[in-house]
Amino acid sequence: MKNNIRVERAILRLTQQELAQRIGVTRQTINAIETGKYVPSTVLALKMAAVFGKSVNEVFQLEEGD
């Protein structure tokens with residue numbers, strides 16, 4: 001699964017820590033999601049998308065084989 005979290009954070013000028021605090025997770029969780037090491041739950045994906053003002057599909061994209 002690909003994601004645009006790093007780009008969306010940059011647009012809003014949010015650090016990983018600031019995003020983590022807004023959605024109630026650790027900075028390490030944000031880092032793991034950004035690097036593709038962790039796939040977020042539906043609730044977490046919805047929270048992230050809401051922070052960015054985007055749909056989940058605009059933030060996360062399935063890759064071939066997912």
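1. Where is the place of N57? N57 sits in helix α5. The model is a predicted one. N57 is exposed, because its relative accessible area is 65% and exposed means over 50%. Twelve residues along the chain separate N57 from A45, and their C-alpha atoms are 9.6 Å apart.

2. Next, the core. The largest nonpolar core has 13 residues. I5, M48 and F60 have the most contacts inside this core. Three elements, α2, α3 and α4, each give two or more residues to the core. α4 gives the most, with five residues.

3. M48 deserves a separate look. Which residues is M48 in contact with, leaving aside its neighbours within four places in sequence? They are I5, L19, I23, I30, I33 and F60. Two of these, I5 and F60, are also among the residues with the most contacts inside the core. L19 and I23 are buried residues of α2. M48 itself is a buried residue of α4.

4. Helix α4 spans residues 42–52. Which residues of α4 are buried? L44, A45, M48, A49 and F52 are. These residues lie on the same side of α4, because they cover an arc of only 135° around the axis. The face turned away from that buried side carries T42, V43 and A50, which are exposed. Cover for the buried residues of α4 includes α1, α2, α3, α5 and β2. After α4 comes G53, with a positive phi near 70°.

5. Helix α1 covers residues 5–12, and its buried residues are I5, E8 and R9. Note that the buried set includes E8 and R9 as well as I5. Their arc around the axis is only 100°, so they are on the same side of α1. V7, A10 and I11 are exposed on the other side. What lies over the buried residues of α1? The cover includes the strands β1 (2–3) and β2 (60–61), together with the helices α2, α3, α4 and α5. R13 follows α1 and has a positive phi, near 55°.

6. Helix α2 runs over residues 16–23. Its buried residues are Q16, L19, A20 and I23. Again the arc around the axis is only 100°, which puts these residues on the same side of α2. Q21 and R22 are exposed, on the face turned away from the buried side. The cover over the buried residues of α2 includes α1, α3 and α4. Just after α2, G24 has a positive phi of about 80°.

7. α2 and α4 are included in the cover of the buried residues of α1. In turn, α1 and α4 are included in the cover for α2. For α4, the cover includes α1 and α2. α3 (27–34) is in the cover for α1, in that for α2 and in that for α4.

8. Finally, the surface. Which residues make the nonpolar surface patch of about 300 Å²? M1, V39 and L62 make this patch. V39 lies in the loop between α3 and α4. V39 is exposed, because its relative accessible area is 53% and the cut-off for exposed is over 50%.

Technical notes
Residues numbered from 1 in each chain as written. Predicted model: local features only at pLDDT ≥ 70, side-chain atom pairs only at ≥ 80, totals over all residues. Heavy atoms only, no water. Buried < 20%, exposed > 50% of the residue type's maximum accessible area, 1.4 Å probe, protein only. Helix = DSSP H or I, 4+ residues; strand = E, 2+ residues; numbered from the N terminus. Arc of directions from axis to C-beta. Contact = heavy atoms within 4.5 Å. Core = buried A, V, L, I, M, F, W, Y, C linked by side-chain atoms within 4.5 Å. Patch = residues over 30% accessible without salt bridge, like charges linked within 9 Å, V, L, I, M, F, W, Y side chains within 5 Å. Areas by Shrake-Rupley, 256 points an atom, 1.4 Å probe, with all protein chains shown as cover. Salt bridge = Lys/Arg side-chain N within 4 Å of Asp/Glu carboxyl O.
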